Amino acid sequence: MRGLPGQIGTWLAMPVVAALVALCLAPLLILLAYSFFQVDFVAISRDPTFANYVKIAGSETYRGLIARAFGSALLVVAITAVIGYPVAWFIAKRVTGAKSTLLTLLLVPLYSGDLVRIFAWRVLLGAEGAINRTLMWLGLTTEPLAGLLFSPLATHIALTYNYLPFMVIGLWLAFESLDDAWLEAAADLGAPAADRFRRVTLPLTSPGLIAGGLMVFVMVAGDYLTPQLLGGASGITIISAVNDLFGTAFDWPLGSAIAWTMLAILMLCFGAGALAIRRTALVSEGV
Amino acid sequence: MRGLPGQIGTWLAMPVVAALVALCLAPLLILLAYSFFQVDFVAISRDPTFANYVKIAGSETYRGLIARAFGSALLVVAITAVIGYPVAWFIAKRVTGAKSTLLTLLLVPLYSGDLVRIFAWRVLLGAEGAINRTLMWLGLTTEPLAGLLFSPLATHIALTYNYLPFMVIGLWLAFESLDDAWLEAAADLGAPAADRFRRVTLPLTSPGLIAGGLMVFVMVAGDYLTPQLLGGASGITIISAVNDLFGTAFDWPLGSAIAWTMLAILMLCFGAGALAIRRTALVSEGV
Amino acid sequence: ATDILWMTWENLAKDDYLAPFFAANDVALTKTFIGTDDEQFAKLRAGGASSVDLITPGLDKVEFYTASDLLQPIDFDKVPNAALLYDTFKKTPLGKVDGETYGIPFYWGINPIVYRADLMDEEPDWSVFFEGDKYNGKLAMRDYALEGIMIAAMYLGIPESEMFDLDDAQLAEVKKVLMIQKSKLRTYWNSIGDLTNLFATGEVVCAFSWVPPYYDLRAKGIDMGMAKPKEGVIGWCDTIAVPKGVEGERLDATFKLVDYLLGPDYGKMLAVGGPYAQSTSAARDMLSAEEQEKIFISDLSIMDSFVWKKNPPRYNEWVALWNEVKAS
Amino acid sequence: MTTPDLRAETDGSGRAQRPLLEAKGLYKSYGEVDAVSGVDFALDGNSYVTLLGPSGCGKTSILRMIGGFEEITSGALTLDGARLDEIPAARRPINTVFQSYALFPHLSVLDNVAFGLSYRGIPRSRIRPTALEALKTVRMEAMADRRPRQLSGGQQQRVALARAIVNEPRLLLLDEPLSALDRRMRKDMQIELKDLQRRLGMTFLHVTHDQEEAFALSDRIIVMRNGRIEQQGRPDHIYARPNTAYVADFIGGAVCVPGEVVDRQAVDVILDTALGRFQIPGAPPLTAGMAAVLCLRPENLSLASDGLPARVTHCVYRGSDWIVECESAGQLLQATALDTPPPPGSDVKLSFDPARAWAAAAEQGVSA
Amino acid sequence: MTTPDLRAETDGSGRAQRPLLEAKGLYKSYGEVDAVSGVDFALDGNSYVTLLGPSGCGKTSILRMIGGFEEITSGALTLDGARLDEIPAARRPINTVFQSYALFPHLSVLDNVAFGLSYRGIPRSRIRPTALEALKTVRMEAMADRRPRQLSGGQQQRVALARAIVNEPRLLLLDEPLSALDRRMRKDMQIELKDLQRRLGMTFLHVTHDQEEAFALSDRIIVMRNGRIEQQGRPDHIYARPNTAYVADFIGGAVCVPGEVVDRQAVDVILDTALGRFQIPGAPPLTAGMAAVLCLRPENLSLASDGLPARVTHCVYRGSDWIVECESAGQLLQATALDTPPPPGSDVKLSFDPARAWAAAAEQGVSA
Ligand SMILES: Nc1ncnc2c1ncn2[C@@H]1O[C@H](COP(=O)(O)OP(=O)(O)OP(=O)(O)O)[C@@H](O)[C@H]1O
Ligand SMILES: Nc1ncnc2c1ncn2[C@@H]1O[C@H](COP(=O)(O)OP(=O)(O)OP(=O)(O)O)[C@@H](O)[C@H]1O
Ligand SMILES: NCCCCNCCCN
Ligand SMILES: [Mg+2]
Ligand SMILES: [Mg+2]
């Protein structure tokens with residue numbers, strides 16, 4: 001509601017939002033401060049320096065890990081979006097009674113805790129796992145496929161599986177409020193199914209895509225256990241490196257600097273993305 | 001769109017949904033099978049038995065842990081809902097340009113990985129942490145408040161902080177599609193703000209609340225690191241117990257049985273919830 | 001009852017190990033478990049010190065705590081069983097500052113190579129991680145920079161005296177062989193339960209390990225082997241330490257517990273149940289020869305052949321190097 | 001312009017050319033609600049047909065089935081003789097002005113109108129000018145860059161209109177396309193629509209609540225009631241010769257005086273009513289002894305110095321004239337008066353020309 | 001019924017009682033768009049006022065400001081003499097029938113209608129019967145248990161109407177509340193509305209595009225144009241004596257023939273036009289030498305054996321009569337004919353009674 005009553009709402013919501021922003025920012029600001037410090041054995045020297053950022057920029061390892069984190073996150077976002085769209089559509093538009101049951105079902109694998117889930121994947125993908133046994137029983141291979149487990153493939157399968165529900169939930173909510181009338185109008189105007197998707201469904205569900213994408217992105221980028229336990233020897237992630245720096249090496253400043261580098265890149269990406277979106281057909285199409 | 005074109009969509013979506021349901025169910029069914037087995041050295045004896053469930057029912061520890069998991073999850077769902085509503089409303093209805101930036105900001109604390117986040121909380125809540133130091137500097141206490149860190153309080157603060165963004169995102173999407181016209185109509189009919197919330201906003205954003213609540217619930221129930229690292233002595237959770245059973249104790253059957261017990265309770269809750277919702281004012285109000 | 005809180009490894013605070021202590025003392029114990037040494041330090045360092053009465057740091061890590069001024073010296077008057085410490089632990093400079101002991105050795109053991117004897121032809125040594133390709137993709141290494149680099153150094157023949165103070169050239173050499181190692185690994189392991197699992201499912205046939213998988217899996221009928229590599233065996237020792245700020249009744253109760261942990265009742269149960277060796281000789285004579293052998297205390301001189309973990313001065317660079325290898 | 005020729009018409013038979021669209025026994029039910037209960041009609045090419053009927057009688061449902069947005073419960077729709085069922089909405093040569101507009105909220109007014117053009121093989125460079133042209137037709141060219149939510153109700157409706165007509169489909173379905181427009185604008189739009197239909201030889205199926213609109217535009221009117229077709233035919237025919245009291249009342253606001261057919265003479269019927277006995281011309285399907293009604297329209301009744309004695313009960317000002325409600329012999333009648341009528345309670349005389357009256361079959365209540 | 005008394009009225013001045021609602025210099029702009037550009041009007045208690053004006057002229061915007069859903073850009077609204085700005089929408093004794101209905105999708109029809117009743121101190125046990133009563137008024141009682149999406153457009157509109165009237169507010173705002181209804185239903189609803197307003201002594205502010213509706217219901221009409229009020233006053237007054245050509249055209253569909261005032265005699269003006277020189281009665285604010293227009297309504301012009309020579313260009317059937325468009329001396333004129341008019345191209349004579357014509361100030365184009 002605009003006008004007067006809205007004003008009141010604003011005054012009510014403002015403090016909560018402000019407190020929340022502060023609360024979200026506080027840990028980030030602590031990290032930012034630390035990122036300019038230096039560690040000397042267990043003492044942290046508080047002379048501000050850019051040394052940590054210089055170290056990151058100069059380290060092929062960290063640069064590579066950061067790039068890999070973003071790459072993985074984007075890949076999983078893309079995969080979950082592709083799978084998520086039909087699923088979310090189905091739940092929103094085809095299921096009538098059992099919606100929350102289906103959503104719950106989608107989420108239950110999550111609540112058993114990530115370790116159990118990871119073990120289940122090992123049972124499935126392992127050298128003596130269900131898939132390999134099936135393949136060998138079918139005579140499709142004679143040797144178990146070692147590459148199934150402990151590989152980037154395994155990692156990405158598990159990541160997709162883990163975070164797909166979040167994409168589905170985001171898209172589901174968007175579909176719930178997508179009025180069929182718009183799709184009818186598009187069909188009426190002669191748009192074939194693919195065009196209806198591109199020109200109507202996609203832009204009108206973009207909040208769900210953005211929300212789902214953000215959640216998946218953030219969680220994939222922050223997940224270190226899955227790559228560690230399923231990704232094999234190359235399962236290191238930037239987050240586990242940061243964890244090492246915090247936990248093992250006690251180099252909080254460098255860890256903070258890495259965290260902030262990722263943050264900055266993320267912000268840049270979103271800024272660029274927002275600009276691009278405003279310019280392209282995702283939100284508006286010019287003739 | 002109903003009718004013919006919808007049919008086609010259904011045919012397209014069905015296989016994906018079916019595959020997904022299968023994929024979601026497969027690990028669960030594996031666990032269900034295991035839950036009736038018994039562990040006998042490394043060999044798992046496949047004679048079906050209820051022994052594991054009997055063990056759980058008879059163990060005060062497991063019963064207590066399961067109850068605590070649900071209690072915590074519900075508590076955090078409730079807190080995040082209360083905080084999330086004004087925030088989501090604000091982002092959806094008051095922010096125009098910078099929506100995805102704000103959402104990103106809300107999520108960024110997550111992507112630094114849970115360990116770093118937990119360290120940040122320790123810095124904040126610890127005996128020599130920022131809050132205690134501030135309190136002592138202000139002269140409000142002379143002794144640092146030990147109960148801040150390593151307590152259920154710390155756990156729940158961190159859990160709320162961690163998973164609030166998911167609640168906000170769910171509610172945000174619901175608010176995005178909440179037409180102001182309905183709130184205007186409610187105001188026009190004389191409903192004060194609280195009633196507008198209860199009778200219009202709440203039922204019409206309930207998909208977002210359900211989605212956000214589900215996500216938060218599942219993630220809190222599945223989070224064992226936060227309680228372990230911030231909860232102090234009482235930081236053991238049912239999930240860490242399950243992880244122990246899977247990882248260390250090698251008792252997959254018992255672990256599976258616990259997982260399934262939780263699952264069954266969850267399903268029961270949702271069933272009851274769905275019924276209750278259908279009967280009460282959340283979705284429809286009878287006169 | 002006096003409440004005290006012990007931050008420790010899960011396998012050290014089993015109720016039956018401690019039952020005699022509670023029977024004799026009016027003390028209530030709360031336990032909180034740790035997953036890695038470093039996590040324990042981070043936990044204390046981040047402000048948990050004053051709420052914990054007793055911690056369980058690795059001997060090589062005590063330096064971190066003392067440098068951060070987190071500990072108080074052990075009052076040996078209240079820990080009579082400390083007199084029974086093995087010489088190696090009495091003499092060690094680790095855990096001490098200016099002659100005061102801050103972390104008192106508590107229990108110890110080795111981190112050997114554990115392997116599936118049914119799937120390997122010969123007893124391996126460290127070279128299995130660096131040479132040949134017979135076990136490519138079937139090996140696992142702990143994801144831990146300190147030990148990883150120690151093993152590489154041992155494989156390269158770097159003497160123990162230089163091992164913790166590697167120069168740049170040596171580090172470069174280490175890195176080179178670690179890269180070779182990585183190409184042979186199935187994965188790095190993080191928790192001992194995880195590794196046990198990998199052995200059991202046949203994913204991994206040989207790994208740098210702790211001892212529990214050896215015993216656990218043997219007990220479950222798998223033919224496991226444990227190798228003590230000829231290039232050197234990594235020895236470790238955990239201490240118990242009392243954080244600064246613990247005082248009064250709680251301090252008394254804490255030291256009573258410390259004394260119990262170094263005494264015969266606990267030692268016997270740990271040796272049988274662990275199986276781990278206590279740092280004192282309190283329970284040694286109560287154990288059978290076989291039990292003694294299991295925990296390496298039948299011939300005490302073996303302790304001197306172990307390469308005991310120390311904290312390298314350039315630890316941060318070690319961690320960075322380790323990450324570089326993993327990320328390559 | 002509709003020629004004022006009252007030649008009898010045989011509905012739906014004896015048609016020379018094959019109709020563009022044909023509905024046979026069309027049914028639609030939503031769960032337990034029967035919205036359309038078996039209708040048969042045909043739309044000729046190059047014709048303007050309006051669908052009239054009370055709120056909820058099934059007009060939108062029929063349009064939605066033709067458009068392809070609603071499954072047919074039973075019956076058949078054919079286009080050029082071929083079944084329409086199998087053709088998805090996107091491939092039907094049909095466009096719709098939706099009752100609720102269904103404008104794309106994420107597109108500008110111009111982009112809304114241009115949406116369908118790319119599917120008509122129009123070169124890219126022509127799309128923008130063509131869309132602008134359509135916007136000009138509905139007087140909305142000045143708001144081409146706005147989003148729908150920045151428009152008033154009537155402006156949105158005009159954009160919806162432009163979005164449909166710009167595609168020049170073979171069949172255009174219009175669901176109350178002018179209901180939110182003021183009279184002037186509505187008149188202008190009616191002229192544009194009629195012009196468009198004739199110029200391009202399209203067929204329009206236009207739902208309206210405005211009888212005047214129906215008469216001004218249509219070659220043919222279909223009057224619905226409760227999911228069924230009550231009468232269809234040429235506008236003048238329907239107006240002058242309603243088959244039932246319902247149609248007479250609904251179309252022309254006629255007052256229906258119940259009576260009985262006492263005799264039939266060639267095409268005339270002799271009707272006995274409370275107002276007297278009248279000889280009514282034309283050929284309604286009535287035979288002696290049937291219950292029938294005498295339909296009197298306000299414009300057929302005038303205040304006169306001689307005629308039926310009546311008492312004024314109520315007067316309504318209409319701008320151009322007055323509607324005078326009177327009671328006569330227990331019957332409520334409506335007459336028109338150009339000048340200020342006498343106040344309620346006054347005694348007046350009403351005259352009417354039986355040649356302009358009409359008899360129809362009697363029946364029960366009239367509302368849907 | 002509006003009494004046909006043409007006594008001159010002094011708009012907004014000399015009022016005995018304090019008006020219920022008063023708008024002074026009301027402005028509303030959406031960013032760069034000026035929707036309402038300074039309007040002044042007053043609504044008396046117990047009165048029925050309609051707001052007329054072309055699509056997009058700012059009617060909805062005015063209603064939304066009164067309802068409290070839109071902030072006033074400048075100007076003032078007072079209710080009973082107290083500023084309305086500070087009172088939130090929920091506490092204004094005002095209800096609205098929204099142009100887009102705004103029915104609650106999650107509530108049944110009955111619950112939609114009952115929604116506001118709990119805020120009026122109605123006992124719980126009375127809520128259901130009261131709501132059902134209102135549904136009966138709009139003929140929707142049979143669908144009380146349906147959800148809004150299961151209703152046709154007109155049915156939804158009637159529910160929206162019931163939801164607002166059931167609360168019996170002091171001021172009821174109706175934004176085209178009958179636009180989706182067929183003529184019969186609209187007539188019925190008009191009667192119900194008028195009855196309700198009078199019975200309860202409420203004030204109605206009713207936006208409509210239907211001039212007939214405005215005339216049938218109103219005590220007062222406000223004609224808007226482009227965010228401004230063009231004329232306000234009693235319906236008969238406005239119809240008979242439009243101040244401007246715009247109003248004449250908009251209200252009565254008059255054709256305005258440009259001319260010049262050559263003389264003024266008491267209340268009459270002498271006007272020179274292409275059709276000839278006429279003496280027009282009444283008192284428009286015109287003086288000799290001014291450009292003016294002669295307003296001729298179709299019902300004032302008829303085909304006659306004598307009069308202005310003209311040629312038929314177009315005929316439109318209206319059911320009750322024909323509109324005959326003719327050209328005479330380069331002017332397009334509209335006349336009515338009860339019988340089938342001669343075909344286009346025929347030469348006819350048009351007669352009109354100057355006493356029924358009207359002169360108004362000349363001006364530019366008319367559309368919004
Ligand atoms: N949110 C908005 N942003 C910009 N312009 C707007 C907005 N809402 C309305 N307008 C413009 O303000 C003017 C007045 O709009 P309003 O809705 O009051 O018209 P109206 O008289 O109710 O028209 P209609 O009869 O078509 O409903 C219109 O020109 C419209 O385009
Ligand atoms: N989804 C639905 N579920 C149940 N009944 C429906 C549904 N849609 C329409 N109806 C009912 O079907 C009947 C016909 O509806 P339809 O929309 O075709 O009417 P209409 O003639 O277009 O009316 P209007 O002039 O009011 O728009 C109505 O009685 C309506 O209540
Ligand atoms: N199951 C846990 C065994 C504990 C071994 N501690 C090793 C610590 C090395 N510092
Ligand atoms: Mg309709
Ligand atoms: Mg409007």
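These legends describe close-up views of a predicted model.

**View 1. Ligand 1 sits between two chains.** Ligand 1 lies between chains D and E. A shell of 22 residues surrounds this ligand. The closest residues come from both chains. Chain D gives Arg146, Ser152 and Gln155, written D:Arg146, D:Ser152 and D:Gln155. Chain E gives E:Thr60 and E:Ser61.

View 2. What kinds of residues make up the shell? Twelve are polar, six are nonpolar and four are charged.

**View 3. Oxygen atoms of ligand 1 meet polar atoms of the protein.** In chain D, an N or O atom in the side chain of D:Gln155 is 2.6 Å from an oxygen atom of the ligand. In chain E, a polar side-chain atom of E:Gln99 lies 2.9 Å from an oxygen atom of ligand 1. E:Cys57 takes part through its backbone instead. One of its backbone N or O atoms lies 3.2 Å from a ligand oxygen. How much of ligand 1 does the protein cover? On its own, the ligand has 630 Å² of accessible area, and the protein covers 92% of that.

**View 4. Two residues of chain D hold donor atoms for a magnesium ion.** The ion is ligand 4. Its protein donors are OG1 of D:Thr60 and OE1 of D:Gln99. They lie 1.9 to 2.2 Å from the ion. The two residues are 39 apart in the chain, so the pair links distant parts of chain D. D:Thr60 belongs to helix H1, residues 59-67. D:Gln99 belongs to the loop between strand S6 (94-97) and helix H2 (109-114).

**View 5. Chain A contains 13 helices and two strands.** This chain has 287 residues, and 60% of them count as buried. Now take the contacts in chain A between residues at least 6 apart in sequence. Of these, 68% join residues at least 24 apart. The accessible surface of the chain comes to about 10700 Å². Carbon and sulfur atoms account for 71% of that surface.

Methods:
Residues numbered from 1 in each chain as written. Chains lettered and ligands numbered in written order. Predicted model: local features only at pLDDT ≥ 70, side-chain atom pairs only at ≥ 80, totals over all residues. Heavy atoms only, no water. Near = heavy atom within 4 Å. Polar contact = N/O pair within 3.5 Å; in protein donor to acceptor, adjacent residues only side chain to side chain. Areas by Shrake-Rupley, 256 points an atom, 1.4 Å probe, with all protein chains shown as cover. Nonpolar A, V, L, I, M, F, W, Y, C, P; charged D, E, K, R; others polar. Donors = N, O, S within 2.8 Å, 3.2 Å for Na, K, Ca; no water. Helix = DSSP H or I, 4+ residues; strand = E, 2+ residues; numbered from the N terminus. Buried < 20%, exposed > 50% of the residue type's maximum accessible area, 1.4 Å probe, protein only. Contact = heavy atoms within 4.5 Å.
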